[in-house]
Amino acid sequence: MRITADTNVLVRAAIMDDPAGAIAAKALLEAEVVAVTLPSLCEFVWVLTRGYNRSATQVAAAVRTLVKGASILVDGSAVEAGLAVLERGGDFADGVIAFEGRRAGGRVFTTFDKEATALIRATGGEARLLGQN
């Protein structure tokens, strides 16, 4: 079977707070092909950090464990960009957004978020903070 995994499948497999759901999720993640989209990973990180109070270190480890699966199809470069920001105390999604923006032709990540601006710069990207002269 070739599937696309929804965020709730990823969470059930990682957290295992619902035994039956965890078994079903883990079985699905062993499919012939498992596409894991960037929006699902962004939600996954958000749910683990906000809903389950996991640390950035724990979440980064969970993401790395998930994406190293033999049948997992994921944009590895975008994932690493998100993890670079997450592991420096920022939002995984900001790293992914900045990376995908650069790939699409938007060289400068632009935001009102001062921390995100600093973290994107710290990970090698160009960033501009709005509202500052």
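The model is predicted: local features need pLDDT of at least 70, side-chain atom pairs count only at pLDDT 80 or more, and totals for chains, interfaces and linings use all residues. Residues are numbered from 1 along each chain as its sequence is written, and side-chain values use heavy atoms, with hydrogens and water left out.

The sheet is open and consists of 3 strands in the order β1-β2-β3, with parallel pairing. Its edge strands, each pairing on one side only, are β1 (2-4) and β3 (72-73). Strands here are DSSP runs of E with at least two residues, and helices are runs of H or I with at least four, numbered from the N terminus; two strands pair if DSSP finds at least two bridges between them. Between β2 (residues 33-35) and β3 there are 2 bridges in the parallel sense, and L73 of β3 is the bridge partner of A35.

Helix α2 (residues 19-28) has G21, A22 and A25 as its buried residues, buried meaning under 20% relative accessible area, exposed over 50% and partly exposed in between, with a 1.4 Å probe and protein chains only. Viewed down the axis of α2, these buried residues fall within an arc of 100°, so they line one face of the helix. The arc is that of the directions from the helix axis to the C-beta atoms. They pack against α1 (7-15), whereas P19, A20 and I23 are exposed on the face of α2 turned away from the buried side.

D94 lies in helix α6 (residues 92-104). Leaving aside neighbours within four places in sequence, D94 is in contact with F109, D113, A116 and I120, contact meaning heavy atoms within 4.5 Å.
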